[in-house]
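Work through the exercises below with the sequence and the model at hand. Each task is followed by a solution in steps.

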Amino acid sequence: MSRVLIIGCGGVASVAIQKCCQVSEVFKEICIASRTKSKCDALAAKLAGKTATKITTAQVDADNMEAVIALIESYKPELVMNIALPYQDLTIMDACLACKVNYMDTANYEPENIDDPAWRAVYDKRCKEKGFSAYFDYSWQWAYMEKFKEAGLTALLGSGFDPGVTQAYCAYALKHEFDQIDTIDILDCNGGDHGYPFATNFNPEINLREVSAPGSYWEDGRWIEIPAMSIKREYDFEEVGKKDMYLLHHEEIESLAKNIPGVKRIRFFMTFGQSYLTHMRCLENVGMLSTTPILYEGKEIVPIQFLKALLPDPASLGPRTKGKTNIGCIFTGKKDGKPKTYYIYNVCDHEECYKEVESQAISYTTGVPAMCGALMLLTGTWKKPGVYTVEEFDPDPYIEALDKYGLLHRESNSPVLVE
Ligand code: NDP
């Protein structure tokens, strides 16, 4: 019998939880625990009578390791799914180790307070040594490798779409399509329209931090960093049409550079409309994206957290969003001595997602892989003590599960390449 503790009850977690409840033969019991318990209770009430999964709820502050340990000890799950924020990754991993429970998440660790001197010292050293300046990187979680191995536990990192499915696509391409992969372009297109002049599709703080940072890509064994949004391409996406996309730093580039032997270049592009970029630049220029607290009328506020309170809740975009997402990877390389190109991708319809789980496609395309990653661990299909990213496991059963539970993959052997 599988008993799973799910931490977080936001946009992505709500989809993952609903998907777990569709597979109640594996997810027999789940506990939804988050900072705001009323959200967990509301989702549990919505699912009551519609699933055989037994649902309980709890309040937890996942920044507090002792609180997470106490919850794990009382609930006794086999797996903790961390679908809160990347800020909580390390406290939850520590709690899992203390209680000897498997762990998974959807995004790699980044600190909430980037002004913390202890963290800054490590960060500055890493920026110099590695050559990219994103606030997140895998080193913090990879440092748990030996501890998880010794405990006989598995930690699965980044089982969303990107990171997550994109890495499974890379492992799949390496396993079935290529003897040698030379280049990987990850293309993330959101052709959805929610009708607001400005809103983010997932947690605004994490999203705006990511897209306002310098871009970077991996080439010939090193990182090349570029000013934010300074490399732009146009691409004609199937079922979406032509969109401008921009080169961003993205976390899976780091693990893929390590795990795809001999790869020469890895880039990540994401589409943005002009309105989004203009709003973002303006907010950045006036200091609204800052994470450094300021004093306002005697009270400390963090500008980006205040902005989050003003922006539409990503979970509320569902009923308004029309259009499709198209996310996937384009490869060049060699098979049987001959040059080859290959594209593997998924197209997801915002309105279809809303019909099924009352959520837009960004949360859907992240929540489904979160459930499928948990499924791999709970069924023992993926079992490897240590700390691993998705491409380090067999991609076939995961892609099969994604196909079955709503994210069908498509393929092309003659994609238009990105310049
Ligand atoms: P939301 O902001 O919608 O939800 C976050 C949830 O975590 C909320 O329920 C929030 O509680 C809870 N939470 C935050 N802090 C704590 C805490 N200290 N203790 C307990 N619970 C806490 O975020 P999303 O659902 O959009 O994103 C969830 C995760 O998915 C993030 O890590 C994000 O980076 C990742 N993601 C990954 C993607 C991928 O493709 N791999 C794509 C999109 C997102 P409260 O309600 O009180 O705020």
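**Exercise 1: Glutamine 360**

The side chain of glutamine 360 comes within 2.8 Å of the backbone nitrogen of isoleucine 362. This model is predicted: local features need pLDDT of at least 70, side-chain atom pairs count only at pLDDT 80 or more, and totals for chains, interfaces and linings use all residues. Residues are numbered from 1 along each chain as its sequence is written, and side-chain values use heavy atoms, with hydrogens and water left out.

Task: state where glutamine 360 lies and whether it counts as buried or exposed.

Solution. 
- Step 1. Glutamine 360 is in the loop between helix H13 (350-357) and helix H14 (361-378). Helices (H or I, at least four residues) and strands (E, at least two) are DSSP runs, numbered from the N terminus.
- Step 2. Buried means under 20% relative accessible area, exposed over 50%, and partly exposed in between (1.4 Å probe, protein chains only). Glutamine 360 has 1% relative accessibility, so it counts as buried.

**Exercise 2: Arginine 267**

Task: find which strand holds arginine 267 and what its side chain contacts.

Solution. 
- Step 1. Arginine 267 belongs to strand E12 (residues 265-271).
- Step 2. Its relative accessible area is 6%, so arginine 267 is buried.
- Step 3. A polar contact is a pair of N or O atoms within 3.5 Å; within protein, one must be able to donate a hydrogen and the other to accept it, and residues adjacent in sequence count only if both atoms are side-chain atoms. The side chain of arginine 267 has such a contact with the side chain of aspartate 185, at 2.8 Å.
- Step 4. A polar atom of the arginine 267 side chain is also 3.2 Å from the backbone oxygen of valine 418.

**Exercise 3: The ligand**

Task: say how many residues surround the ligand and which polar atoms lie by its oxygen atoms.

Solution. 
- Step 1. The ligand is surrounded by 28 residues (each with a heavy atom within 4 Å). The closest are Arg35, Thr36, Lys39, Ala62 and Asn203.
- Step 2. The shell holds 13 nonpolar, 10 polar and 5 charged residues. Here Ala, Val, Leu, Ile, Met, Phe, Trp, Tyr, Cys and Pro count as nonpolar, Asp, Glu, Lys and Arg as charged, and the others, Gly among them, as polar.
- Step 3. A polar side-chain atom of lysine 39 is 2.6 Å from a ligand oxygen atom. Polar backbone atoms take part too: one of glycine 10 lies 3.1 Å from an oxygen atom of the ligand, and one of alanine 84 lies 3.2 Å from an oxygen atom of the ligand.
- Step 4. Threonine 36 sits in the loop between strand E2 (27-34) and helix H2 (37-47). Threonine 36 is partly exposed, at 38% relative accessible area.

**Exercise 4: Backbone angles**

Solution. 
- Step 1. Most residues other than glycine have a negative phi, and most peptide bonds are trans.
- Step 2. Proline 163 is in the loop between strand E6 (154-157) and helix H8 (165-177).
- Step 3. Glutamate 358 is in the loop between H13 and H14, and its relative accessible area of 45% makes it partly exposed.
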